[in-house]
Amino acid sequence: MPEHRLTSLERAIDRAMNRLLDGAPAHGFRAVAVECAVFVLKQAWACIFGFLLLVVLVAARLWYPEDALLARNDALTIAAVVIQILLLVFKLETGRELWVILLFHVTGTVMELFKTDVGSWAYEGEGILRIGAVPLFSGFMYAAVGSYMVRVYRLHDLRFSRYPARWLTTVIAVLIYVNFFSHHFIVDLRWALLAVVIVVWFRTQMHFRVYRVTLRAPLLAVFAGVAAFIWIAENIATWAGAWLYPHQADGWELVSPQKFIAWFLLMIISVVMVTWVYPPREPAGSVRD
């Protein structure tokens, strides 16, 4: 991948991995195994913020003492801040990317304030690091999505064919964001917006480099895959007590599969915000499905 798109630590890791894989075969089963292994490792690297935050949430559920002087939600907020600082100190994120991550944080926190006020979900526990009923660590969960988006863009040198005009995608993203609020007062437009998303992005292909091979996939399928992954993480987070939906108040239950649609639409907002930092680029060469 282009080295100028990586942080200094990532460049060092990239060079070391290239030296390790220089002798890997270009064809056959071993070549496929190498590409699959590199893909998994890159995805894991891109998820590092969300993974560490999820580990902290589960650890707090299992081991944080109930009688601790520091409220659990405050401890989670401090841990999230430490994770973010470490990512910057060890040059795992660039200053340019930090801005879009902060934008994720702000847009997510605004939504949290509204949704908790109307009873869509609630947070347990006390603490002073909060705005109203929303502990400050909640914004970092949205920031984790932003961190993944900007990191995967660099790590896989993402390109897009037939990507819609950015002004059009921005309008759609704004409408989706507004509907997260307005559907409590007027008709819910999520299904209409979902149909618009399918029409607008239906022909778009995402091209991503693994190691030697550049692959392509329908962008809508990629959105769906990431949304499903976030839904799984959401189940883990609610089990850990990070927040609770009304149907979980009397005991944990699986998060409604309908939330998958909400996460899918949130992916549109996420991708649009990232494209204003990294404008979509056309693919340079031949690719495989």
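Modeller: Before we start, one term: contact means heavy atoms within 4.5 Å. Keep in mind too that this is a predicted model.

Biologist: Which helix lies across strand 3, strand 4 and strand 5, and at what angle does it run to strand 5?

Modeller: The helix covers residues 219–239. It is helix 9, lying across strands 3, 4 and 5. Its angle to strand 5 is about 85 degrees.

Biologist: What is the strand order in the open sheet of 3 strands?

Modeller: The pairing in this sheet is antiparallel. Strand 3 (159–161) and strand 5 (214–218) are the edges, each pairing on one side only. Neighbouring strands are turned by 25 degrees against each other on average, direction ignored. The order is 3-4-5.

Biologist: Which residue in strand 4 is the bridge partner of F160?

Modeller: Strand 3 and strand 4 (residues 205–209) run antiparallel, joined by 3 bridges. The bridge partner of F160 in strand 4 is M206.

Biologist: Is D157 buried or exposed?

Modeller: D157 sits in the loop between helix 6 (137–155) and strand 3. Its phi is positive, about 45 degrees, although D157 is not a glycine. Most residues other than glycine have a negative phi. The relative accessible area of D157 is 11%, and buried means under 20%, so D157 is buried.

Biologist: How far apart in space are L52 and Y278?

Modeller: L52 lies in helix 3 (residues 48–63). L52 is partly exposed, with a relative accessible area of 32%. In sequence, L52 and Y278 are 226 residues apart. C-alpha to C-alpha, the distance is 25 Å.

Biologist: What radius of gyration does the protein chain have, against a compact globule?

Modeller: The chain has 10 helices and 5 strands. Its C-alpha atoms fill a box of roughly 55 × 45 × 35 Å along the principal axes. With 289 residues, a compact globule would be near 19 Å, and the chain agrees with that. Its value is 20 Å.

Biologist: What share of the 289 residues counts as buried?

Modeller: The chain exposes about 14,700 Å², with carbon and sulfur atoms supplying 70% of it. Of the 289 residues, the buried share is 46%.

Note on methods
Residues numbered from 1 in each chain as written. Predicted model: local features only at pLDDT ≥ 70, side-chain atom pairs only at ≥ 80, totals over all residues. Heavy atoms only, no water. Pairing = 2+ DSSP bridges. Helix = DSSP H or I, 4+ residues; strand = E, 2+ residues; numbered from the N terminus. Axes fitted to C-alpha atoms, helices over the stretch in contact; angles between N-to-C directions. Buried < 20%, exposed > 50% of the residue type's maximum accessible area, 1.4 Å probe, protein only. Rg over C-alpha atoms; globule rule 2.2 N^0.38 Å. Areas by Shrake-Rupley, 256 points an atom, 1.4 Å probe, with all protein chains shown as cover.
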